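Colleague: Thanks for sitting down with me over this one. Could you walk me through it, a helix to begin with?

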Amino acid sequence: MTRTDPLDVPRPDARLHLGVFFQGVNHWTVWSDPASGSQIDPANFRRVAQTAERGLFDAFFLGEGLRLREVDGQIHDLDVAGRPDAITQLAALAAVTERIGLVSTSNTTFNEPADLARRLSGLDLLSDGRAGWNVVTTDNAWTGANFRRGGYLDHADRYRRAEEFLTVARAIWDSWEDAAVSGAADAPAWAAPGAVRQVRHQGPQFDVDLAPTLPRSTQGHPVIFQAGDSGEGRDFAARNADVIFSAHGNDFDDALAFADDLRRRLRAAGRPEDDLRILPGTEIIIGATEEEALEKKRWIRLQQVTPATALGIAGLLWGIDLSGRDADGPLPKEDPVVAENDGSFGARRIADPRQVVAEWREKADANRWSLRETVIALGPQRGHVGTPAGLADKFAHFVRHGAVDGFNVTPYLIPDGLDDIVDLLVPALQERGVYRTDYTGTTLREHLDLREPLTHRTTTDRRRTG
Amino acid sequence: MSGPALRLALEIDGDGAHPAAWRRAAHSPDQLLSPRRVARVAAAAENAGFTLLTLDDGALPPGAGPDTVGRIGAVERAAFIAASTSVVGVAPVVPLTYAEPFHVSSQLASLDHISVGRAGWVVSEETRPEAASVWGRPLVDGALARARESRDGVEVVRALWDSWEDDAVIRSVATSRYLDRDRLHYVDFTADTYTVKGPAIVPRPPQGQLVVLGHPDRVPGGQLDVALVEGRDRSAIASGVAVAGTPRAFAEVEVALDTADATAEERVADLERHAPWSDRGRLRHIGSAAGLAALLGELTGVVDGVRLHPLVLDEDLPELSRLVLPHLFERRYAVRPLPAATLRTHLGLDRPANRYAAAAAQEDAR
C-alpha cells in the first residue's frame, strides 16, 4: 500500500484513539486454547487494563448483560459467560492503573438515576477523572424478570427513558459548583454554603428529589458513550453522547458513510460536527506477513466457530434447532422458519432469513463449503487482519479521511490478546504520526480530545484544544 | 479473664465516627474523596493488623448543615480498597430498602472476586423517608416494612450467589460447551413485593457466600454470619450475643483516644461544639489507649471480635496502630489476619456448601 501524503487528506493531524473491550460474553472470545485464561480472575482484568495503558489506549471498557443468555428456554452453554459488575470491577482497576479511561456499560432501564449517577461519580473520583458510561437500554420483560420492576417498559419508551435518565444524571453531576469543597483545613463548612443544589425532577419516567452526595471530578463528569445503530439510536447519540461505538469499522466506504451520517445528525442537533468520537468495535489479527496473519485468522475462526457454535448460529438463522447435526456436512435442506423473536436471547434479529439462506446456499455451493465453513465465511464477522505496517497504513487512511476516530478492540484471547497490538501495531502507528507517543492529559475527556461536558458549555463554546 | 482471641474490625467511613470529624482531620475537605486518601487509610489499617474494614453508606449525604460531607458509594470504595490491599477483609454497608437485590448480589459477588475472597457485607436499612425520593420509589414505611425488605433482599442475594455451582465453567472442548447448564440454577425467588428469576450473571463468589454482617434486631439471625452487637457495657453485650443466635458476634465499640496534642475528652468536647455524637447505645471508650486495650481484653470470651468506630480516623487510627493493637497481639487478646486466607477463614467460618449442588447430590443419591 502506498503511503498517504499527510498534507493531501481532510484531517492530516488526526490521531487514532484505541479502546479495549473486555467483552466477556460472546463466541469471539476463544476459551478452548491453553493460553485462554479465566474470565473472572481479577488478575486478568488488571493484566489487560495495564497492557492497554502501556499501549497508551484511551479506555478500557466493560460490557453488561443482566440475564444469562438463553436459546429456546435453555441457558446458552457454548460461549464464555459470567463476568463481574462493571462499575465494581472498574473501581478496582482505578487503584492499579493511572491514566487509562474506565468505561462501564450500564443500563438505564433497570437502574435508577440517582443510584447509577452516584456510582459513576464515585468511579470518576476514585480514578481522578477517568470514568465513562456506555448508556444502554433494554426493553424486554425477560430481563425484567430479575428486577423489582419487572418488564414494565415498552420498546418505544426505552430511549425516552434513557434520555430522561441522562437529564437527571447530568443534573446530579452538575449540582455541585466547581470547587464547592473547601481546600482549607479550617473551613467553617465542608462545602461552601449554597454551592450544592437540591435536584428535583418530575417527568414521565422519574420523580426524584435529592441532595446529591458527590462533587464534580477533574473532568466535570463521566464521558458519555452510546452504541445504538438504529436511526433512533444515532439521533440519541447525536444529542447526548461524546463517543459512539459502531459496527461500521471494517469497510472504509461503509465507515465513512456512517461517520458522515453522524456528522449530519450532530449538526441537526446543534452541535459541532467534530463533537463526537466514532470508535467502531473491531477485532485485530496481526501476523509478521500477510500470509501468516491470514493463517492466524483461519485458526482463530475455527476456535471461535466450533461445530456446536456453527450449528447454533445457523439454527438462529434457520429458526430450527440444528443441534446434533453435522456441522462439517452440507447446509440444512429445510427452508428457514420465520418466527417471532421472543426477545429471550437478545440475539441479532435477522430481517429476512429466507434471503440470507438463499445467499448462503449459493456461496456454499460455489465454494463447496461445509455448514461450518459457511458460517465462518459469511456469518457475523468483523475485524482487520494484516501486518503491523499494513494495518497502520490502513488505519491512518481511515482516520485521516474522517471515517473513524479510532477503534474499540475486542481481543480474542484473554489475557494476552492485546500484546501484539501494543507491541507491534502501536509503534507502527506512532511511526506514521497517527498515534500519541505519550499521554498528554490525565482524564478520559482529555485523552479523547473532547470539549467540556454538554451541560457545561455556557455562552462561549469553550474548547479544550484547537 | 481471657478467652479466644478477638478479630478486629474498623469502620473507616469519612473522617471518623463523629459527624464533625472532618474538622479535626489532618487534611482539607477536598482531599477526603481522593483516591490517595482512600488507599492511605486502608493501608494504615491493614498494616496495623485489622481483620476487616467496613464502609458506611446510604442514599443520603452524611452529616447535617455545615457538616454535610460528600461520600463515594461504599461498594466502589470497597472495590478500590480491595485492589490496593492484600490481606484485610473489606465489607461495604449496602441497604436493601430500595436497591435492586439483583444488582447488589452482582456487585458484592464481584467484590469477592476482586478481593479473592476477602469480602463481606454489612446489611443496613434506609431509615429516613427522604431516601425514597432519592430512589424515586414508594416509601417503605416503618420498621416492619424495612425489615421485610432486608429479609427478602438478603435471602435472594444469597440464593443468587449459589445460582452458579463452583464448577459450572467446564470448558469441555470435546463438546464445545463452556458451561454445564445443569450447574446453573434459576432462583425463582418470590419476595413479598417482587420476584427474581436468576441465575446470577457473576460466577459464584470465591468464598461461596460472602460474610454477612448485621444487627440482629433488624436482620433475622439465621441470615447473618456475624451479629453486630450493641450494648453500653460488657454484660449488655453478653446478653445481646446470647439472643443473636449467629455463628459469630462482634461488639460495636466507639473510641476516642488521648493523643499527644489533646486528651480524648478535649477532642470530643471540641467536636461537640459543632454537632452531637449521638448515643446509639454502643459501648464507648473515651480515654487512654491502655484503658481501651484493657476494655477489649475483657471482651475476649464474650464476643468473637469488635468493630471499632474511631472518633477521628486521622487522630485515633495512629494511636490504635501504635499502642492498642500491638498490646492486644502481644497479650494474645487479638490476632492478625493470615496472608492468603479468605475472610471466612479469618473468622473461623466454613465455606458453605452450595444449596443447589447439595440438593442435586441428594437427588442423585435417591
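**A helix, an interface and a serine**

Modeller: Happy to, and bear in mind that this is a predicted model. Helix α8 of chain A, residues 290–304, has 15 residues and spans 21 Å from its first C-alpha to its last, close to the 21 Å expected at 1.5 Å a residue.

Colleague: Which residues of α8(A) are buried, and what arc do they cover around the axis?

Modeller: The buried ones are A:Ala293, A:Lys297, A:Ile300, A:Arg301 and A:Gln304. They sit on the same side of α8(A), because the arc they cover around the axis is only 100°.

Colleague: Let's turn to the two chains. How many residues of chain A are in contact with chain B, and how many of those on the side of chain A are nonpolar?

Modeller: The contact involves 64 residues of chain A and 58 residues of chain B. Elements giving two or more residues to the side of chain A that touches chain B include α2 (86–96), α3 (113–126) and α9 (307–318) of chain A. By class, that side of chain A has 12 charged, 13 polar and 39 nonpolar residues.

Colleague: Where in chain A is the pLDDT below 50?

Modeller: Chain A averages a pLDDT of 91, with 94% of the residues scoring at least 70. Beyond near neighbours in sequence, the stretch with pLDDT below 50 has 7 contacts in the model, and it covers residues 459–466 of chain A. For chain B, the mean pLDDT is 96. The model as a whole scores ipTM 0.97 and pTM 0.96.

Colleague: Is B:Ser124 buried or exposed?

Modeller: B:Ser124 lies in strand β4 of chain B, residues 120–124. The cut-off for burial is 20 or more other C-beta atoms within 10 Å. B:Ser124 has 24 within that distance, so B:Ser124 is buried.

Colleague: Leaving aside its neighbours within four places in sequence, which residues is B:Ser124 in contact with?

Modeller: Contact requires C-beta atoms within 7 Å. With neighbours within four places in sequence set aside, the contacts of B:Ser124 are B:Val93 and B:Pro95.

Notes. Residues are numbered from 1 along each chain as its sequence is written. Chains are lettered from A and ligands numbered from 1 in the order in which they are written. This is a predicted model: local features need pLDDT of at least 70, side-chain atom pairs count only at pLDDT 80 or more; totals for chains, interfaces and linings use all residues. pLDDT is the predictor's confidence in each residue, from 0 to 100. Two residues are in contact if their C-beta atoms, placed from the backbone, lie within 7 Å. Helices (H or I, at least four residues) and strands (E, at least two) are DSSP runs, numbered from the N terminus. Ala, Val, Leu, Ile, Met, Phe, Trp, Tyr, Cys and Pro count as nonpolar, Asp, Glu, Lys and Arg as charged, and the others, Gly among them, as polar. The expected span of a helix is 1.5 Å times one less than its number of residues. A residue is buried if 20 or more other C-beta atoms lie within 10 Å of its own, exposed if 12 or fewer, and partly exposed in between; C-beta atoms are placed from the backbone. The arc is that of the directions from the helix axis to the C-beta atoms.
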